[in-house]
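User: Hi! Could you walk me through this structure? I'd like to start with the charged pairs.

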Amino acid sequence: MTTRTRRPARPGLTLAAVLLALATVVSAVASLNVAIPDIARSTGASNTQIAWVIDAYALSFAALLLPGGALGDRIGRRRVLIGGLVLYGVVAGSVIVLDQPAHLIVVRALLGVGAAVVMPATLSTITATFPPERRVDAVALWAGVAGASAILGLLTSGIVLELWSWRSVFLLSTVLALAALVGVVLAVPESADPEAASKDPLGVVLSVLGLTVVVYSLIEAPTHGWSAVRTWGGLLAGVGVLALFAAWETRAARPLLAPRYFRHTPFLAGSISLTAQFFAFFGFIFLTLQYLQIVRGDSALVAALSMLPLPLGLMPAVRLAPRLMARFGQARLVGLGLTLAAAALWVLAGADVETPYLAFGVALWVLALGMGLAMPPATTAITDALPRAEQGVASAMNDLARELGGALGIAVMSSVATQTYREALVLPTQVPASIAHAAESSFSVGAQLAEPIGGLARAAFTAGMQDALRVASFAVLVAAVVVTALLLRSARGTRELADEERRVRDARV
């Protein structure tokens, strides 16, 4: 195996540079959600276009995450960090001259491409260049930044939106990318492992095509109708391409993601758990920040600050989870965490204009508590299922489950909310057609129109959000049942195998 690695001359600066690069791309997953009402009003974007502006990033990020990691292994992680950050900074800055909804969708998709090569290269750089005695602490910091950056992105975006328009969120990304680029150029050594890199171009094409068709069909479903041939045909075609991808991966010499990993029950269970959690979480963020601004009338900064119960519940639970897992086991802790998250989502589905913030904030805290309890055992289930030599695959699957769950969550929940909104928005017959079309196309535009149209739009949006959160609650509850059953069966099998080995040893004695 040919491996090119050089130890960092200044490990502290190297770590700071890769963590800043990580924070740049992870914060953008959620940061633009704060600006959704402003974007909709300024550009005239419809609900479907807004969903694409947000989900184009998550989709390209998720679809290209595995090939992005393989590219860094092959040509050098420092090179792809530099290339990814340059692409990221230039594309984000282009919103100064590009401001149409279609332009923003392309910009976000290209930003996702940059993120997909940057994120895996940050962790690979740490594991490849740091000595074992420093690697554990560095990886722990990496995980902490990966978890906290989304909330930090929301808060930072809320602050800059108080000073300027939605473009400031993109320009903030340019500034962060530039700072990270300087750090990478000055402090990050080159490393590569070309012999370990996946070589599966057909797998890349099939996975990207399948995911894109599925997400496109979900987001466009309210426009064409859920019962339309175009919608179901698209979903079936996307699933068919993904099935073809899975079949190809069993035959590929150097597969992108070998299906054999999912034969490990804990690996499968952990992947399902993380996908379900982030399906609900990113869909929830997408809709709730609009609820806070459209229905409750909060400013962008107040809406971002309203999400503070999330880190207050998440961080203590994440720290407590390893001790609880040692006492009660993975299965019970994951089941408890997912059940708490599902219950919190169901309570949040009842929120309306009259809901006091205290009740909303407590439900947010419980949601974060549940995710904080469920995430560490899910990640541990993935990593412990594979041998040390395949921990790169485990890390990639951990990231992929999060980003894929987020992309699907935004697609499904925005589609459900839009469908309910259109059905619930019954306007007076004397409303001009142009105004009715504007209200029906966009939550934010409809809510800003004169009464009674504005009130009707806010009520219809609330109904749509409530339906979408109930879907998320049901999905997480189903995941809780499935994941708990899988982990309990795995633990039972492990105990039976250990008992059999003990009986064999006793018989020999």
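**Charged pairs and nonpolar groups**

Analyst: Happy to! Arg470 and Asp467 are three residues apart in helix α18 (residues 453–508), so about one helical turn separates them. Helices here are DSSP runs of H or I, at least four residues long, numbered from the N terminus. This is a predicted model, where local features need pLDDT of at least 70, side-chain atom pairs count only at pLDDT 80 or more, and totals for chains, interfaces and linings use all residues. Residues are numbered from 1 along each chain as its sequence is written, and side-chain values use heavy atoms, leaving out hydrogens and water.

User: How far apart are the closest N and O atoms of Arg470 and Asp467?

Analyst: They are 3.4 Å apart, and the two residues form a salt bridge, meaning a side-chain nitrogen of Lys or Arg within 4 Å of a carboxyl oxygen of Asp or Glu.

User: Is Asp467 buried, exposed or partly exposed, and what about Arg470?

Analyst: Asp467 is partly exposed at 30% relative accessibility, and Arg470 is partly exposed at 31%. Buried means under 20% relative accessible area, exposed over 50%, and partly exposed in between (1.4 Å probe, protein chains only).

User: How many salt bridges does the structure hold?

Analyst: Four. One of them joins Arg77 and Asp73, with the closest N and O atoms 2.8 Å apart. Arg77 is buried because its relative accessibility is 7%, and Asp73 is buried at 16%.

User: What about Glu451 and Arg458?

Analyst: Their side chains meet in a salt bridge at 2.6 Å, N to O. Glu451 is exposed at 53%, while Arg458 is partly exposed at 23%.

User: Switching topic: which residues touch the most other members of the largest nonpolar core?

Analyst: Tyr57, Phe284, Ile285, Met307 and Leu310, out of 158 residues in that core. A nonpolar core is a set of buried Ala, Val, Leu, Ile, Met, Phe, Trp, Tyr and Cys residues joined through side-chain atoms within 4.5 Å. Helix α10 (residues 265–295) supplies the largest share of this core, 18 residues.

User: And which residues does Phe284 touch?

Analyst: Leaving aside residues up to four places away in sequence, Phe284 touches Met307, Leu345, Leu348, Leu364, Leu367, Met413 and Leu469. Contact means heavy atoms within 4.5 Å.

User: Last one: where does Val97 lie, and is it buried or exposed?

Analyst: Val97 lies in the loop between α4 (77–93) and α5 (101–129). At 67% relative accessibility, Val97 is exposed.

How values were computed: Helix = DSSP H or I, 4+ residues; strand = E, 2+ residues; numbered from the N terminus.
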